[in-house]
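Please read these notes with the model open beside you. Each point takes up one part of the chain.

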Amino acid sequence: MEPISETVADLNSYGFRPNRSTADAIAQCFKCLCLKRSSQWVLEGDIKACFDKIGHQWLIDNIQLDKRILKQWLGCGYVDKGLFYKTAEGTPQGGIISPTLMLLTLAGLEQLVKSIACKTGNRINFIGYADDFVITGSSKEVLVNEIKPQLIGFLQERGLTLSDEKTHITHINDGFDFLGFNIRKYNGKLLIKPSKSNVLSFLSNLREFIRKHPTIPVNDLIKILNPKLRGWANYYRHCVAKQVFGYVGHQLFWLLWHWAVRRHPSKSKDWVRRKYFSFNPRSHDD
């Protein structure tokens, strides 16, 4: 089904597609918002329980796949804790075909937005990643009165609804979070940084892991933490992250310092420093 989805999927939809990533979606956000003449208002959209609520009948009527196979797959049900449950709607999260079905379900969303832009003469752009998307517009009124009603109708036809809690209309000077990034203009200059909530969540996970393993060997702790730190840093290496990286490094140092001090309650802090935080050229060369 992937060749079909790649044929009909929206141009600026980046989730669950080959050779596309969150970095591409954020780069497109930058292109759409970085200039002085760029749109100033942003509709942050999130589809409520997207995988769980996709209408089966719409999929059967519109997806170019053998109807018998599709019906069997959608209605096969699932087993949880030894109990069988029927599936009357939605596609199972984690299913190998679910992301492709979601792409096919949401295909046409960007075309809808562009058609409204042509009618109203406004500069409107769409950037999507799975069930999260942003729509930029030149005015708040266009997003509220033109885009949002059409968007709600488009989704209702497919058995989906917008999440009221996660759907907002924001001015670019106030900034918005998308895919773990904060996108905001400062004195007319667009800066993309790691979002505050994502940074705090990452530190909270590190803090919880270190707290739960007070006696783990140092080498094992390093082997576990390094991939986490490397992956998180690589995710944000393309944005304005120097200050955030410094803050995370500072917080991590104190987490490890308290961990080391707790391991040796009878030793002095100078002893702990020399054991865990001193550079030993001989051991480094070894």
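1. Tyrosine 78 is partly exposed, because its relative accessibility is 43%. The classes are these: buried means under 20% relative accessible area, exposed means over 50%, and partly exposed is in between, with a 1.4 Å probe and protein chains only. Tyrosine 78 sits in strand 2, residues 78–80. Helices (H or I, at least four residues) and strands (E, at least two) are DSSP runs, numbered from the N terminus.

2. The model is predicted: local features need pLDDT of at least 70, side-chain atom pairs count only at pLDDT 80 or more, and totals for chains, interfaces and linings use all residues. Residues are numbered from 1 along each chain as its sequence is written, and side-chain values use heavy atoms, with hydrogens and water left out.

3. Which residues make the nonpolar surface patch of about 300 Å²? Tyr78, Leu83 and Tyr85 make it. Patch residues have over 30% relative accessible area and no salt bridge; nonpolar side chains (Val, Leu, Ile, Met, Phe, Trp, Tyr) are joined within 5 Å, and like charges within 9 Å. Accessible areas come from the Shrake-Rupley method with a 1.4 Å probe, and for residues only the protein chains shown count as cover.

4. On salt bridges, the rule asks for a side-chain nitrogen of Lys or Arg within 4 Å of a carboxyl oxygen of Asp or Glu. The count by this rule is 6. One of them joins arginine 17 to glutamate 6, with 3.0 Å between the closest N and O atoms. This pair links distant parts of the chain, 11 residues apart: glutamate 6 is in helix 1 (2–8), while arginine 17 is in the loop between helix 1 and helix 2 (22–33). Arginine 17 counts as buried because its relative accessible area is 8%, whereas glutamate 6, at 29%, is partly exposed.

5. Arginine 158 and glutamate 157 also form a salt bridge, at 3.7 Å from N to O. Are the two partners buried or exposed? Arginine 158 is buried, with 8% relative accessibility, and glutamate 157 is exposed, with a relative accessible area of 53%.

6. A further salt bridge, 3.7 Å from N to O, connects the side chains of lysine 212 and glutamate 208. Both residues belong to helix 9 and are 4 residues apart, which is about one turn of the helix. Salt bridges with shared partners bring Glu208, Arg211 and Lys212 into one network. Lysine 212 is exposed at 54% relative accessibility, and glutamate 208 is partly exposed at 33%.

7. Two packed helices are described by the angle between their axes and the distance between the axes. The axes of helix 9 (residues 196–212) and helix 11 (residues 242–263) come within 11 Å and cross at roughly 15°. Axes are lines fitted to C-alpha atoms, for helices over the stretch in contact, and angles run from 0 to 180 degrees between N-to-C directions. Helix 9 and helix 11 are therefore roughly parallel, a class for angles under 35 degrees.

8. Isoleucine 192 is in strand 9, residues 189–194, and counts as buried because its relative accessibility is 9%. Its C-alpha atom is separated by 15 Å from that of glutamine 40, 152 residues apart along the chain.

Methods: Parallel < 35°, antiparallel > 145°, perpendicular 65-115°, else oblique.
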